Amino acid sequence: MGTSIILFLAQGLGSGRAPWAPGTFGTLPGVVLYWVLADLPVSRYLVLTAALFLLGIPLCGHAARALGRSDPPSVVWDEMVGYLVTMAAVPPSGLGVVAGFALFRLFDIWKPWPIGLIDRRVQGGLGIMLDDLVAGLFGLALLHLLMGLGVGL
């Protein structure tokens, strides 16, 4: 795969090139992808999300090297996959999509422990992907807690 294709994918089909808030804009293709995958059985959704995570490790690593930065803000494949993690087993609804988006972005920006530790210590494509995976898991846990408490999502 050529570097230009890798960058196009890693940069969220160009969404990560937004002049401000590239991570937020870069999460938007993840929202679209969620809508495409939302009606799949949970097992298939999880397998596809895991495959996208694993693909993201070399993809983001190659993109970072090509851009000459350890974790370039324009590389947003990790945000797309992190959002999919947050939305696992969440019934599709407008409010659920917005709540998941807000929670994922909150944890991705705030980086509470251990997300911040992973962000600082794990390098390369794995590091780029792993902190967003954990942010996605935090979002997933809180979203499912809210659903369990009867908050209508």
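Visitor: Which residues form a nonpolar patch on the surface?
Guide: Trp20, Phe25 and Leu28 do. Together they have about 320 Å² of accessible area. Keep in mind that this is a predicted model.

Visitor: Where is Phe25 found?
Guide: Phe25 sits in helix H2, which covers residues 22-37.

Visitor: Is Trp20 buried or exposed?
Guide: Trp20 is exposed, at 58% relative accessible area. Phe25 is partly exposed, with 31%.

Visitor: How many aromatic pairs are there?
Guide: The count comes to 7 aromatic pairs. One of them joins Trp20 and Phe25, with ring centres 5.2 Å apart.

Visitor: Why is the pair of Trp20 and Phe25 edge-to-face?
Guide: The planes of Trp20 and Phe25 stand at 75°. An angle over 60 degrees counts as edge-to-face, so this pair gets that label.

Visitor: And which aromatic pair is stacked?
Guide: Phe107 and Trp110 make a stacked one. Their centres are 6.0 Å apart, with 25° between the planes.

Visitor: Where are Phe107 and Trp110?
Guide: Both are in helix H5, residues 94-110. They are 3 residues apart, which is about one helical turn. Phe107 is buried, with 8% relative accessible area. Trp110 is exposed, at 54%.

Visitor: Which residues form one aromatic cluster?
Guide: That cluster is made of Tyr34, Trp35, Tyr45, Tyr83 and Phe101.

Visitor: New topic. How many cavities of 30 Å³ or more does a search find?
Guide: The search of the whole structure turns up 1 cavity of that size. The largest cavity has a volume of about 30 Å³.

Visitor: Which residues line the largest cavity?
Guide: The lining is Leu33, Leu52, Trp77, Met80, Val81 and Leu84. Helix H4, residues 77-86, gives the most to this lining, with 4 residues.

Visitor: How much space lies in the largest pocket?
Guide: About 190 Å³. The pocket is lined by 15 residues. Closest to its centre are Asp71, Pro73, Glu79, Asp108 and Lys111.

Visitor: Which elements give two or more residues to the lining of the largest pocket?
Guide: Those are H2, H4, H5 and helix H7, residues 124-148. H5 gives the most, with 3 residues.

Visitor: OK, charges now. How many salt bridges are there?
Guide: The search of the whole structure finds 3 salt bridges. In one of them, Asp108 pairs with Arg105, and the closest N and O atoms are 2.5 Å apart. Both residues lie in helix H5, 3 residues apart.

Visitor: What else does Asp108 form a salt bridge with?
Guide: Asp108 also bridges to Lys111, with the closest N and O atoms 3.3 Å apart. Asp108 is at 5% relative accessibility, so it counts as buried. Lys111 is partly exposed, at 24%.

Visitor: What about Asp131 and Lys111?
Guide: Their side chains meet in a salt bridge too, at 3.1 Å from N to O. This pair links distant parts of the chain, 20 residues apart. Asp131 is in helix H7, while Lys111 is in the loop between H5 and helix H6. Asp131 is buried, with 1% relative accessibility.

Visitor: Which residues are linked in a network of salt bridges?
Guide: Arg105, Asp108, Lys111 and Asp131 are.

Terms used. Residues numbered from 1 in each chain as written. Predicted model: local features only at pLDDT ≥ 70, side-chain atom pairs only at ≥ 80, totals over all residues. Heavy atoms only, no water. Phe/Tyr/Trp six-rings, centres within 6.5 Å; stacked < 30°, edge-to-face > 60°. Buried < 20%, exposed > 50% of the residue type's maximum accessible area, 1.4 Å probe, protein only. Patch = residues over 30% accessible without salt bridge, like charges linked within 9 Å, V, L, I, M, F, W, Y side chains within 5 Å. Areas by Shrake-Rupley, 256 points an atom, 1.4 Å probe, with all protein chains shown as cover. Salt bridge = Lys/Arg side-chain N within 4 Å of Asp/Glu carboxyl O. 1 Å grid on protein atoms, 1.4 Å probe; cavity = no way out; pocket = protein on both sides within 12 Å on 5 of 7 lines; lining within 4 Å. Points joined across faces, edges and corners; volume = space filled by probe spheres on them.
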